[in-house]
Structures are given as structure tokens and as C-alpha cells.
Amino acid sequence: MPNYQETQFVSDYGLENHGLKNLGHIHWNHNTPALYEAVVRRGEGHLAHLGPIIVRTGAHTGRAAKDKFIVAEPSSENLVWWGNINKRYPEEKWKTMFRRVQAFLQGKEVFVQDCFAGADPKYQMPVRIITENAWHNLFARNMFIQASPEQYKSHVPEFTVLQVPNFRAEPELDGTNSGTFILLNLGQKIVLIGGTAYAGEIKKSIFTVMNYLLPQREVLSMHCSANVGPVGDVALFFGLSGTGKTTLSADVNRSLIGDDEHGWSNDGIFNFEGGCYAKVIKLSQEHEPDIYETTRKFGTILENVGFDPLTRRLDLDDDSLTENTRAAYPIPHIKNALREKKGGHPKNILMLTSDAFGVLPPISKLTPEQAMYHFISGYTSKLAGTEIGITEPTTTFSACFGEPFMVLHPMEYAKLLRDKIKEHNVDCWLVNTGWTGGPYGVGKRMHLPHTRALVYAALDGSLRDVEFTPDPNFKVLVPKSAPNIPIEILNPRNTWQDKEAYDRKAKELAVKFHNNFKSYADKASPEVIAAGPDA
């Protein structure tokens, strides 16, 4: 019987094209069972009850945002939005780092996964993921769009990720902040990742690339989930990690297009990925049945999830390693997912925010100008574990609801969104999945069934016929009633015992909105600026 090493699919475009020579065994394009065998053989993970594989990411259990750089090179230097997010990295230092990584890999086993980013053939990008570990290669196989056996031989990547978690930078020599680095070279079309085993860096590096390339082709790249209803009505859910993109888009009544990264072209919506990367801490079988089931399936990778070492049964409530426990699984693990990963133009856009101030309504309707304002603002609270150092909700503004991954100026994305909203007459909503009845530490999180009911009402048109009133602080339009929802929760001030405390907190958040938007006001129209809160 052949072993897994004899079932590989080798590309004619070899690793010498990436400057990688004198390697040990190269594992080409193994399928999921073969990668499982390699993970177990190499002691990289544990097989859990019912079939998922459990891995540990070590010290890094979230993204290392401060360790990400873009190489300053001639082909992209004048297009990149340089600043605190897109930090310059000298081209000469990158060359030195790359040579050291090449030397580090000599004699070592490596795993190669040839795949694609982008479900629309017009905009699909061939990618190659080269990893030290088998489980990271399985992650890539889950998260990106798989190539067919017939495609492997002729696969030529347009972008390559080289991930070496056991190689650490030397800050004094390499000019990095620490031993961890994520270096994106848009000219050489290579991403180097080292010093971290957190798999999310792999997927987000390619997302960053797509955010650079697609807007230059008039395609809006978006940090959002997407699903479609039985009559073909597509909905987009914008939001940062932990705001509910995955949870709210995995809906038994609607088909999932994808949970995190999409493009919006003249033909409609398409997923960049072939899988989902869901937070699973304290996952509820009752409230999130589809995602819960993925944690019990062969092929799913569970990062830093607790388990009993004897029975191998999971403990999804275990946060001893991190709040940011994750499941990485192929989209077909969600039973009503669309295999083609595409849909038409959206009818509704929902912008999700986890408001730790507890002052935003659970749902409100946005005018087109307000939609632009909140898209550019990207307000939310970063939740524990999603980044290193985040241990409790922290107020943040992240342009386009994904600023860490946006290479171009945020207004480039905002203009594309504006044009598409107007062209396709899209209804826009702001949904607070954060706190109510008080701020973090006093109030409580929004009840998920209430959030779902409000989302359903927006998507099925039930909210179109209700009366709205402008919020006195944020100007968004708040429904006076909604199906199957207690009226008192719709106005956030009513949920606070101390009304004066609410007024102070609302004004405090409005001022934060105002101060943040100053960075973009010079490129925003007067109508968009006026659509923001009164401060």
C-alpha cells in the first residue's frame, strides 16, 4: 500500500525558482489524510475525539500586528499608504533576511501547498504556501481554494508565502521589533513569516496582497463575511475579529458564501478563500450549531483548544491558553455553504461593532453618507486574544473594518464602496454586538438570539415598514419596534439604570469618533463628515 510520500503532486515550477536549494524532503501538495499522518508522525498535534486535530501555537496565540512590515521597493512604494499600519522595511535588509531564511531551510523537510485566492476566475490568484510544519500546510489547504490534481503540475504562483516559525529574527541586525516578523515584498511577490506559529498570519498575508492588487482593477476587497438567502439576496457583514462575522453569516436559513474575505466586482460578490477561521471559545451548540459541528469533524484544525488528554474530548470553554481559540475548516464543513463561493450584488450591508461603551443601538439604519462615515471609521472594541497584549475589550478605530490589512489609503476602498452602494441601491445597517445596559464591566453582552432576530428583520425587509427616530448623539436611525424583540432594548439609553452616566459615555464615544475622523476629513466630502456623531 503506498504511503503518503508517494501520493504527492509535484509542480514543474520547483522551489529553486524561489531560491530554495539543498532542502531535505519536499512534501508536495499532500491531501488532508496525508497531512494528518505527517502531523502525528512529527508530533505536531493530537487527534481528537471524532476527528479534528488539535495543535498549539506556542507563545503567539494571535496576530503580531507590531511585527508586520512592507518592503519599500520601487514597484509599490508610491502606492502604499505608509504610516503606523504599513511600516517601511528596507529592501537591503529584506535581501539579507531572505538569504538567512534560505540558509536556515537547507537540509530541512518542507511542505508545499499550491492553491488559489479568489473564487472568481477573472480575479483568481495562484498562490504557493511553503511551511516548516505539516499542520500549517493543512491550514493552507483548508483556508485557500484547492487546486485540482490536473492543475498541480502546471501551477505557477503569483504570490508565495514562506513560513518558518522556528526561525527568529535578530532585531539589532534585521531592524525588526522582535524575533517575530511578517515581511511583505510586493515587488518580489513573497511573504516571509518567522518567529510565530499562529496560522492566522498566513491567511491575512494573502488577504493583504489581495487588498493591494484588486482595487487597482476596480474590485473592492473587503474584510467581511457574506451569505445569500433563498431568493438570491446577498448580505455582507463587515467587522473585525470577534464582532460576529462568522457567527452571524453561518445561518441555517441562508447559504454561506464565506466568513471573512471577499471581493465585489461588476459581476457580484466572491470569496477569496476556501475555508473558515472561526473563534470557538465558549462556543454554544444551541446558538451556533453549524460552527459547533465543525469542531467535531475530520479535517478541522483546532488551535489552542482545551481537551482531555485521556478521552481526547474537547473543552471549548477552556481559555487557559488564550481567549482566541480557533477552528480552521473547509467551507463544505458548513452544510449549507455554497461550493461555488460566489453570489450576486448585495441587497444589505451590515456593519458589526462590538461597542464596549454600551451606548450604540443593537441595530440602526444608515444613510449612504453615514455608511461611508462608519466604514471609514471602522469602530469596534478589540476582544481578548485577537492580538498580542489584548486582555480585555479595547476601543479601536480600524478603517474599512480591516485597517491592518489595507495597503492603499482607506479612501480608495471607501470610494469603491460608495459607488457600489449607489449603483445597486444597497440598504446599510449598523449592528452592535457588544454591550448593553452599561459599559464593559457593568452591562452585559447583547443576547445573541436578539441580534439574530434583528439581523433577520433587516434581511427579510421587516424593518422597512417600521418607524425610525434619529439617535440624538450618533444620528443613526433607530427602529421604534422590531419583530420578536423587546421594545426597551432598541434604545440603548433605556437599558441603563443611570441615564446621566449613559449621556456621558455616549458623548465620550462621539468625541472619539470625531477625533479619529480628523485623519480622513481632508479627503472626505462635507456630506460624509456631517454624517458623523455630534461632538
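The model is predicted: local features require pLDDT of at least 70, side-chain atom pairs count only at pLDDT 80 or more, and totals for chains, interfaces and linings use all residues. Residues are numbered from 1 along each chain as its sequence is written, and side-chain values use heavy atoms, with hydrogens and water left out.

**Stop 1: helix H1**

Select residues 32-41, which form helix H1; helices (H or I, at least four residues) and strands (E, at least two) are DSSP runs, numbered from the N terminus. At the start of H1, a side-chain oxygen of Asn31 comes to within 3.0 Å of the backbone nitrogen of Ala34. Just after the helix, Gly43 adopts a positive phi of about 70 degrees. Within H1, Thr32, Ala34, Leu35, Tyr36, Ala38 and Val39 are buried (under 20% relative accessible area, with exposed over 50% and partly exposed in between; 1.4 Å probe, protein chains only). The cover over these buried residues includes strands S2 (45-47), S3 (53-55) and S6 (110-117), together with H3.

**Stop 2: H1 against H3**

The axes of H1 and H3 come within 8 Å and cross at roughly 155 degrees; axes are lines fitted to C-alpha atoms, for helices over the stretch in contact, and angles run from 0 to 180 degrees between N-to-C directions. H1 is therefore roughly antiparallel to H3, given that angles under 35 degrees count as roughly parallel, over 145 as roughly antiparallel, 65 to 115 as roughly perpendicular and the rest as oblique. On the H1 side, the contact (heavy atoms within 4.5 Å) is made by Thr32, Leu35, Tyr36, Ala38 and Val39, and on the H3 side by Ala134, Trp135, Asn137, Leu138 and Arg141.

**Stop 3: H3 against H6**

His136, Phe139 and Met143 of H3 meet Gly200, Ile202 and Lys203 of H6.

**Stop 4: Tyr277**

Move to Tyr277 in strand S17. How accessible is Tyr277? At 6% relative accessibility, Tyr277 is buried. Its side chain forms a polar contact of 2.6 Å with that of Glu303 (a pair of N or O atoms within 3.5 Å; within protein, one must be able to donate a hydrogen and the other to accept it, and residues adjacent in sequence count only if both atoms are side-chain atoms). Beyond four places in sequence, Tyr277 touches residues including Phe139, Met143, Gly200 and Lys203.

**Stop 5: Glu273**

Select Glu273, in the loop between strand S16 (268-271) and strand S17 (275-279). Glu273 is buried, at a relative accessible area of 1%. A polar contact of 2.8 Å links the side chains of Glu273 and Lys203. Among the residues in contact with Glu273 beyond four places in sequence are Met143, Asp259 and Lys341.

**Stop 6: Phe167**

Finish at Phe167, in the loop between strand S9 (159-164) and helix H5 (171-174). Phe167 is buried, at a relative accessible area of 7%. From Phe167 to Gly179, twelve residues apart in sequence, the C-alpha distance is 8.2 Å. Phe167 touches Gly179 and, among others, Met97, Phe104 and Phe181.
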